[in-house]
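Reader: I have a model open and want to learn how to read it. Where do we start?
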Amino acid sequence: MSSDSALGELVIAEARPRTWRGVSWLLRFIRTQPLGAAAVVVIVVIGLGAIFAPLLRTTDPVEFGRDVLAAPGGDHWFGTTRQGRDVYSRVLYGGRVSLLIGIEAVAISILGGTVLALIAGYFKGVVDGIVMRIADLVLIFPGIVLALAISTAFGRGLGSLTVAVAIIFTPAAARVIRGAVLQESAMAYVAAAQVIGASPPRIMFRHILPNILPLMIVMASAALPAAILTEAGLSFLGVGVAVGEPSWGADLSGDSRQYFVQAWWIAVFPGAALSLTVLAFNLLGDSLRDVLDPRLRGSKLR
Amino acid sequence: MSNYVLRRLVLIPATLLVASLVLFWLLFSQPGNAAILRVGSLGSCDECVKNLEQRLGLDDPFLVQYAHWLGHAVQGDFGQSLQNGQDIRPRIRRALLPTVELAILTTLLSAVIGSAVGIISAVRPNSVVDYFLRFVSILGLSIPQFWLATLIVVLPQVWWGWTPLRRDYVDVTDNPMENLRLMIWPALALAAGSSAYVARIVRSSMLEALSSDYVRTARAKGLRERIVVLRHVFRPSLITAFTVIGLQFGFILGGSVIMESIFGIPGLGQLLLSGVIFQDYPVVLAVTMVFGAGFLLISLFVDVMYAYLDPRLRRQA
C-alpha cells in the first residue's frame, strides 16, 4: 500500500481502478477480519445514534420529569433517573459528548504529533532534541493526573476538556511517529528528492507523509478508545462536562451508585454503552493494525 | 552503567523543574482563584477577596510567586493549602502510603494474572482457550475501570447484601489484614486492564520465542515440554513483560485516582481531586509533582532492571 502511494505521482490515470480497489479491499477486510467488520457495524450504529440523537430521543435529556426512578418500560425504554430524566435519551446524547471529544482530541493529537514528528525526525539534531524533551515533559505525568491539572487551569466545558485530552495524547503519538520518520528519511527516495532540490516542507509532507499514513491511522485507532475513556473518567470524577449535562462518564457517578439497588438501570445502560463503544474501537484498532502495519502482522499469524 | 544511572538521576530534578514552571504558569493563569472561592461561601464582598488575595500572596507577579514556591518546594515544603491554610507536606506524607500500596498491589496482581494468561494462550495458539482468553483480555481493556469498580461495589450488595466498601479506612500499618480486605478490590479492578496488556505482550513474545532455533534445539535434545516452555520460552519473554509492567505504572497511578474516589481511600488521588475541585493550586501542583517524580524514578528503575535482567545488555555494562 505504501509503495502504491509513493508511486502515486508517476501514475497518470487511475480514477476507476482506485474505486474498484477500494471495494475489493473492503471485501477482503470483512473476510479476513470478521471481528473488525462487526466492530465497524457497532461503531456505525453508535455513531448514527449520536448524530441523530435529537430525532431518536424520547424526552429532553436534561429536563426533569415526573416519573422518578421509573423502571425500563414502554414510556422510558431505559428507565429514568432520580430527577426523572430519561436514561435512553441521556445515553444517546452522552454518545455525542464521548465521540465528539474523543474524535476531536485524537485528531488534534495525531495531526499535531505528526507535524512535530516530521519536524523532529527530518531535521534531527538540536530540533529533534528540543521537540522530544518537551514531549518527555508531558509523558512523565499519568494521563488523568495531567488532565486534572490542565482542567484546573482551563476551567470546565467541552473545549477545555478536548484540549486536556489532546495534550496528553500528543507526545505519545509524536514519539512513535518520529521513529517511523527517522526510518523513512534514511531511504533513498528522500535523498533523491533532496538531490532534485525539493524543499524540506515538500519532502516532509509530499514524500514522507504518505508513507507514514498507515502508522498514523493505527495510532489514531489505538488512541481513540483511550481518549474516550479519559473523557469519561474526568466526567466521572466530576471535573469533565458541566453538572447535569449528559455524558456516559458523568452518568456513572454519584446517584447511579447510591441508587443501584433500587435502580440498576441508571448505571447499567451508560456503562454498557461506554464499554461497547470502547470494545468496538479496540477491536477495530486491532484489525486495522493487522491490515495496515505489516511489521506487526507476523507475530499474530504465527 | 553507573554513569548512565547518574546522568538519569541528574536529569530527574531538571525535568521536574521545567515541568513545575509550565504547570505553575498554567495554574497561575486560571480565571477564578481560591480567595474568591473561599469568600464566596461566606457571601461575596470585593474587599474581602482583595484582602485575602493579599494575605495568600495571590496578587504578586508570576515569577515572584514561582520563585517563592520553588524556594520552599526544593526543601520539601509545598506551602499551605489555599482551602484551609493547612500545611501540604504532612497531608502528602499521609496520602502517599495508600497510593503506593495500591500501585504495588495492582502491579503484582497484573504481573501474576497477565503472565499466567499469556502463557496459557501461547502454549496452544489459536485454540479455543486462546481465543477465549484473548477475548477476555480485550474485554478487560475495554471495560472502563470506574464502571468495573462500581459493579464490584454494588453487585455483591444486590446479591448478598455485602459490599467491599467500608465506613472508615484502616491504614496498612495499623491492621494489615483489614486494610488488604479493602485494597484488594480496587487493585483487582485496576489490574483487569493492565494484566490484559501484560498477557498480550507475554503471548506474542512467547510465540516468537517458540519458533526460534534455540527452542528447536532444546526440544531436539529431549527436554520435557514443561521445561522448554518455562525455562527457554517464558524466561526471556519475562523481560519484555517486565518493561510493559513498568510502562503500565503510570497508567496504574492514574487509575488509582479513580479507584481512591470510589473506594474512599485517602490517597494522593483524593488529595489531587479535592485540590482540582477547590482550585487549590498549591495542592494540585504538589501532588502532580509527586506523581511525576514517582513516575520518573520508576521508569529509571525499570530501565536499570531491564539492563540487568537481559544477559546481552548485562555483559555490555
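Author: With one term. Two residues are in contact when heavy atoms lie within 4.5 Å. Keep in mind that this is a predicted model.

Reader: How many residues of chain B are in contact with chain A?
Author: 48 residues of chain B are in contact with 41 residues of chain A.

Reader: What area is buried between chain B and chain A?
Author: Buried area is what two parts lose on being put together, summed over both. Here the figure is about 3,900 Å². Carbon and sulfur atoms give 77% of that area. On the chain B side, S142(B), F146(B) and W147(B) lose the most area to chain A. Together those three make up 16% of what that side buries.

Reader: How many salt bridges does the rule find across the interface?
Author: The rule asks for a side-chain nitrogen of Lys or Arg within 4 Å of a carboxyl oxygen of Asp or Glu. Across the interface of chain B and chain A, one salt bridge is found. R200(B) pairs with D286(A), and their closest N and O atoms are 2.5 Å apart. As for polar contacts, two residue pairs are counted between chain B and chain A, both at pLDDT 80 or more.

Reader: Which elements of chain B supply the side that touches chain A?
Author: Several helices each supply at least two residues, among them α1 (2-28), α8 (176-210) and α12 (281-309) of chain B. The largest share comes from α7(B), with eight residues.

Reader: Now chain A by itself. How many helices and strands are there?
Author: Chain A has 14 helices and zero strands.

Reader: What share of chain A counts as buried?
Author: Buried means under 20% relative accessible area. By that cut-off, 49% of the 302 residues of chain A are buried. Chain A exposes about 14,100 Å², with 68% supplied by carbon and sulfur atoms.

Reader: How do I read contacts along the sequence?
Author: Look at how far apart the partners are in the chain. Take the contacts in chain A with a separation of 6 or more: residues 24 or more positions apart account for 71% of them. M216(A) gives a worked case. M216(A) sits in helix α10 (residues 200-237) of chain A. The C-alpha atoms of M216(A) and T114(A) are 7.7 Å apart, yet 102 residues separate the two along the chain. Beyond its neighbours within four places, M216(A) is in contact with I110(A), L111(A), T114(A), I177(A) and L209(A).

Reader: Is M216(A) buried or exposed?
Author: Its relative accessible area is 9%, so M216(A) is buried.

Reader: Which residues make the nonpolar surface patch?
Author: V40(A), V44(A), L48(A), I51(A), F52(A), L55(A) and L56(A) make a patch of about 640 Å². Two elements of chain A give two or more residues to the patch: α3 (34-51) and α4 (53-56). The largest share, four residues, comes from α3(A). One of the patch residues, V44(A), lies in helix α3 of chain A. V44(A) counts as partly exposed because its relative accessibility is 44%.

Reader: Where is K124(A) found?
Author: Look in the loop between α5 (87-123) and α6 (125-139) of chain A. At 36% relative accessibility, K124(A) is partly exposed.

Notes. Residues numbered from 1 in each chain as written. Chains lettered and ligands numbered in written order. Predicted model: local features only at pLDDT ≥ 70, side-chain atom pairs only at ≥ 80, totals over all residues. Heavy atoms only, no water. Buried < 20%, exposed > 50% of the residue type's maximum accessible area, 1.4 Å probe, protein only. Areas by Shrake-Rupley, 256 points an atom, 1.4 Å probe, with all protein chains shown as cover. Patch = residues over 30% accessible without salt bridge, like charges linked within 9 Å, V, L, I, M, F, W, Y side chains within 5 Å. Buried area = accessible area lost by both parts, 1.4 Å probe. Polar contact = N/O pair within 3.5 Å; in protein donor to acceptor, adjacent residues only side chain to side chain.
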